[in-house]
Amino acid sequence: MTNQHQIETKLIRTQTPTSGHREHSTSLYMTSSFTFENAEQARAMFAKEEDGFIYTRYDNPNVDEFVAKMCELEGAEDGVPVASGMSAVFTALAGLLGQGDHVLACRSVFGSTHQILTQILPKWGISHTYADIHRPEEWASLVQPNTKMCVVETPSNPALDLIDLEWLGNFCNERGIILLVDNVFATPVLQNPLAFGAHLVMHSTTKFIDGQGRGIGGILVGDQKYIDDIRFFARHSGPAMSPFNAWMFSKSLETLCLRVERHCDNAERLAQYLADHDSVNFVKYPHHPSHPQYELAKRQMKRGGGLVTFELAGGLEQGRAFLDSLEMLSLSANLGDTRTIATHPASTTHASVGEEGRLAVGITNGMVRISVGLEHPDDIVRDVEQALERSLSKISQPVLA
Ligand SMILES: *Cc1c(COP(=O)(O)O)cnc(C)c1O
C-alpha cells in the first residue's frame with residue numbers, strides 16, 4: 001500500500017503475504033510457534049538482526065496484519081495488540097509507570113479503568129487524581145511534580161461529554177506528561193487523538209472494531225518510544241491477542257468505514273426523534289445542535305458516533321420500565337454491535353457508585369444509553385417509540401417534560 005491510497009482501500013488491501021497457496025483472503029495462522037531454518041537463523045532472529053516470527057506471544061502474521069491496519073487508521077508509528085480493552089489500559093499504565101508516579105485522569109473514565117486506578121495501581125505505589133472534564137481551568141493545579149501520565153476518555157461513557165483534545169494535547173506536551181486517550185466511543189474512523197498531540201490511543205476492539213459482538217480484544221497504538229516500552233512489558237507479562245481474534249478483527253476492519261457511517265446515520269435519526277419527544281428531557285448526541293459541546297464535537301469528531309444518551313422525565317422508574325418495554329432492542333452491557341442495545345446506567349453499570357457519584361460524571365437517574373446498531377432505522381425508532389409509550393403508562397406518577 002502506498003500513501004496515495006485512501007484509508008478504505010488500505011483497510012482492505014493491507015495483507016500479510018500468503019502462505020504459498022495464493023489464497024485471496026488472509027489465512028488464519030493458528031500456530032503457537034514458528035520454525036527456524038538452522039541454528040544461525042534462530043540466533044539472528046532472537047538477536048533482532050533478522051526479521052521473522054518466533055512465537056505467538058511475541059507476534060504472529062494475523063496479529064501483525066491487524067496492527068498494521070490499526071496504525072494506518074490512527075496515524076500511529078506502531079502498536080501493541082492485547083487480549084482485551086482493559087488489558088490495553090493496564091499494559092500501558094504498568095508498562096510505563098513505576099513506584100512513586102502519579103496519574104491525572106478524567107473522573108468519567110470507564111468503570112474498570114477506575115478500578116485499576118483506585119484498587120490495583122496503589123499496590124505498587126502509583127497514585128492518581130481525578131479531574132472534572134467540565135473544569136479545564138482546574139487541571140493545572142492538579143498536576144504534581146511526579147505526574148507522568150494523563151488518562152482520558154472522549155466522548156465519555158455514558159454521558160457523552162467531550163474533552164477538547166487540542167487543548168489537552170498542548171497541556172500535556174507543555175508539561176512532559178504522556179497522554180493516553182481511550183478512543184473507543186469515537187472509533188478511529190471519526191477521531192484521531194494522536195493528531196491533537198496525544199501519545200497513545202487505546203481501543204477495546206470488542207466494540208465497533210469487531211462490530212458484531214463476537215470477540216474480546218484490545219490494542220494500544222502511538223509513539224514508537226512508548227510502544228517499545230509497552231511491548232517489552234506485554235511480551236514478558238503475556239496478555240497476547242489470540243491469532244483467531246486478530247484474524248476476525250482484521251476482517252472486520254475491511255467494513256469498518258462503511259459500518260461507522262451507517263451507525264452514525266441511524267444514531268442521528270434516533271437522536272432527532274428523541275429530541276422531539278415530549279417525555280424526553282434531553283438527548284445527548286455529539287453532533288446534535290442541542291449538545292452543550294456541539295462546536296467542539298464538530299471540530300474534533302468527523303461525525304457524532306453510534307451512541308445516543310437521553311434522559312426520561314420519569315427518572316429511575318421510567319428508565320427501568322423503558323428497558324422492560326423494548327421488544328427488539330437488546331438489553332446488554334456491550335456496545336458497538338450490529339444489534340441496537342439499550343442500557344440503564346443508574347440501575348446497572350453505575351449502580352454501585354451511588355447517586356452523588358453518578359451526578360459527578362453527568363449520569364442522571366432517568367438516563368438511558370443506546371448503542372445504535374445497523375438494523376433499519378425505521379425499526380429502531382419504532383421500537384423506541386412503543387417502549388416510550390408503554391413506559392409512561394407503567395409508571396405510578398404521570399410526568400410531563
Ligand atoms: C468496553 C470498553 C473498555 C474495556 O474493553 P474490554 O474489551 O471490555 O476489556 C474500555 N473503555 C471503553 C470506553 C469501553 O467501552
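For the classes used here, Ala, Val, Leu, Ile, Met, Phe, Trp, Tyr, Cys and Pro count as nonpolar, Asp, Glu, Lys and Arg as charged, and the others, Gly among them, as polar. On this basis, the lining of the largest pocket in the predicted model comprises 15 nonpolar, 9 charged and 5 polar residues. The volume of the largest pocket is about 750 Å³. Its lining is made up of 29 residues, and K48, Y58, D59, R231 and R235 are those nearest the centre of the pocket. At least two lining residues come from each of α2 (39–46), α3 (61–74), β1 (78–82) and α9 (224–237). The greatest contribution to the lining of the largest pocket is that of α9, which provides 5 residues.

The second largest pocket has a volume of about 560 Å³. A total of 25 residues line the second largest pocket, with V109, G111, T349, H350 and V353 nearest its centre. Two or more residues of this lining are given by each of the elements α5 (111–120) and α14 (354–360). Of the elements that line the second largest pocket, α5 gives the most, with 4 residues. By class, the lining of the second largest pocket consists of 11 nonpolar, 11 polar and 3 charged residues.

Methods:
Residues numbered from 1 in each chain as written. Predicted model: local features only at pLDDT ≥ 70, side-chain atom pairs only at ≥ 80, totals over all residues. Heavy atoms only, no water. 1 Å grid on protein atoms, 1.4 Å probe; cavity = no way out; pocket = protein on both sides within 12 Å on 5 of 7 lines; lining within 4 Å. Points joined across faces, edges and corners; volume = space filled by probe spheres on them.
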